[in-house]
Amino acid sequence: MELRSNDVTKGMERAPHRSLLKAVGVTDYEMDLPFIAVVNSWNEIIPGHIHLDKVAEAVKAGIRLAGGVPFEFSTIGICDGIAMGHEGMKYSLPSRELIEDSIEVMVQAHRFDGMVMVPCCDKIVPGHLMAAGRLDIPTAVVTGGPMLPGFVHDENKDLISVFEGVGERQNDRISDEELKELEDYSCHSAGSCSGLFTANTMACMTEALGMSLPGCATTHAIDAKKIRLAKETGMKIMQLVEKEITPSQIVTQSSINNAVCVDMAIGGSTNSALHLPAIAREFGLDLSLDRFDEMSRITPHLVNLRPGGSQFLIDLDKAGGIPVVMQRLGDLLDQDVLTVNGNTLYENLSDITVVNPKTSASIIKTLSDPVHPEGGIAILKGSLAPDGSVIKQTAVHPDMMVHSGPARVFDSEEEAIHAIMDRKIKPGDVIVIRFEGPMGGPGMREMLSPTAAIAGMGLIESVALITDGRFSGGTRGPCIGHVTPEAAHGGPIAFVKEGDIIEIDIPNRSLNVEVTPDVLKERKDQWDKPVSNIKKGYLVRYQRSVGTASKGSVLS
């Protein structure tokens, strides 16, 4: 086995390199062993990351047990919840590429033989997976795990409960004291937010792709099983290095299709329609928005977690997690694909023990008796979104699956929030928030604050929201994002005017504005593209090179 680390450990001319390695404690004996990068996103500001130092220590223990030499380094990480609703959210999606690039730089410069990645949360997990595809050296992933749900007013609660509580308080539906109780008790422990929002969706996608050990995605941050899985992953990476199994042998077109199928079955975040195409691209694979819709039409929705349902990740974990979901999906999946433990998916699914059969039957439905006949995400197209838009259809009230109403047009998230909180939005309205796309924002901010305010004020079953930005995985209701082309590219959403009638038809996958093509063309001819107020820093570079949301908002 020819090790990459030989580039820094072997030969007379590498004496200076060995000398530097000895300065950090590497022995002569260890110079002959595989060097494994432990790529950790630990920090002290994100609840999903605060415990990752312990997870990484367990990974390193596993690597040493199996005869490797671990070297830990860190990546940046942004908490979408803390960044929500202000300028900070412009940096969230762009951080994905920074994470990927920084991993590439560290791994290539130091010639590691393999990687164990320890990420958690929304952009961090896809950033790591994109780096795994780009580098294609033996890699395994340990996602950090969900937090426990909070418990307030005799009900389980989560971060979305707090966001929606702001709207409830604004509408005098709860008191200051009740909002404070939600604030104090909803976010209960270390880990990613406890519903099936973007962080946990992407952890589930990591497992569905075969890049983490079975059960990893739903094993909670405070669960001792997470430490055991971390040790086992550290040991498994040594097998991958020995057998020269790289991510491109695991993440194939078939496993990408499997992940989309699982995504539809669990009703995952709409952000998966950004991240999975971006991940696929780094593996030299293609994943179009149309593929999400194709899979949604043939994949029933089997698990009804928050925000669409009332269950939490802890319930899915008790029910058997992603392995049982994949077992239920059966022939909809390609079970011949390889996974990170060296087994095929078929072998993994043949070895499942369901510890809680009654809970499993209650939480994870069957193909013959699903929660909904179609999957979580629908792709809508039409005169307002020629290249597509994305909605989590399983989180929409039946009365809003088809809706027509007047446009209420805003050129930023802040403008829309003020209108909502000032009670200027009425039942039947269709809120349009534009110039929030990947280039126009820049950064494609999440619109959780306005959508949560709508829900908190009791308008979620009568008001729709459409944007070229995106949504939190915790968003529920008739909220349509990723409208492409975006406004900054001169897409039709830029030319919608106050009062134009918007027609939404989710079953027929259409999103239209009741304006003739000639009128839209006339408006476009008279349009002056707004000048960006971003003049310096990373966002300027990002704005110049980011691509369309319909293809993952990747950098050129």
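## Contacts and overall build

Two residues are in contact here when heavy atoms of theirs lie within 4.5 Å. In this predicted model, among the contacts of the protein chain between residues at least 6 apart in sequence, 75% join residues at least 24 apart. The protein chain holds 22 helices and 14 strands. Its radius of gyration is 23 Å, close to the 24 Å that the globule rule gives for 556 residues, so the chain is as compact as a globular protein of that length.

Taken along the principal axes, the C-alpha atoms of the chain fill a box of roughly 75 × 55 × 50 Å. Of the 556 residues, 61% count as buried, while the accessible surface of the chain comes to about 20,800 Å², with 51% of that belonging to carbon and sulfur atoms.

## Aromatic pairs

Five aromatic pairs are found when the whole structure is searched. One of them is formed by Phe35 and Phe71, a tilted pair with 4.9 Å from centre to centre and 55 degrees between the planes. Phe35 belongs to strand S1 (residues 35-40) and Phe71 to strand S2 (residues 69-74), so this pair ties together parts that are 36 residues apart in sequence. Phe35 and Phe71 are both buried, and together with Phe73 and Phe112 they form one aromatic cluster.

Tyr538 and Tyr542 form a pair as well, with ring centres 6.2 Å apart and planes at 55 degrees, so this pair is tilted. Both of these tyrosines lie in helix H22 (residues 538-545), where they are four residues apart, about one turn of the helix. An α-helix has 3.6 residues a turn, so residues three or four places apart point the same way. Tyr538 and Tyr542 are both buried.

## A mostly covered helix

Helix H16 (residues 321-329) is mostly covered, since seven of its nine residues are buried. The buried residues of H16 are Gly321, Ile322, Pro323, Val324, Val325, Met326 and Leu329. They pack against five helices, namely H9 (198-209), H12 (253-266), H15 (313-318), H17 (345-349) and H18 (357-363). Just after H16 comes Gly330, which takes a positive phi of about 50 degrees.

## Backbone details in the loops

The bond from Arg306 to Pro307 is cis, with omega near 15 degrees, and Pro307 has its place in the loop between helix H14 (289-298) and H15. Thr484 and Pro485 are likewise joined by a cis peptide bond, with omega about -5 degrees, and Pro485 is found in the loop between strand S12 (479-484) and strand S13 (501-505).

Glu244 has a positive phi of about 55 degrees although it is not a glycine, and its place is in the loop between helix H10 (224-243) and helix H11 (247-250). Phe435, again not a glycine, has a positive phi of about 60 degrees and lies in the loop between strand S10 (430-433) and helix H20 (448-456). The relative accessible area of Phe435 is 13%, which is under the 20% that marks a residue as buried, and Phe435 is therefore buried.

Key. Residues are numbered from 1 along each chain as its sequence is written. This is a predicted model: local features need pLDDT of at least 70, side-chain atom pairs count only at pLDDT 80 or more; totals for chains, interfaces and linings use all residues. Side-chain values use heavy atoms; hydrogens and water are left out. Rings of Phe, Tyr and Trp (its six-membered ring) pair if their centres lie within 6.5 Å; planes under 30 degrees apart count as stacked, over 60 as edge-to-face and the rest as tilted. Helices (H or I, at least four residues) and strands (E, at least two) are DSSP runs, numbered from the N terminus. Buried means under 20% relative accessible area, exposed over 50%, partly exposed in between (1.4 Å probe, protein chains only). The radius of gyration is taken over C-alpha atoms; the globule rule is 2.2 Å times the number of residues to the power 0.38. Accessible areas come from the Shrake-Rupley method with a 1.4 Å probe; for residues, only the protein chains shown count as cover.
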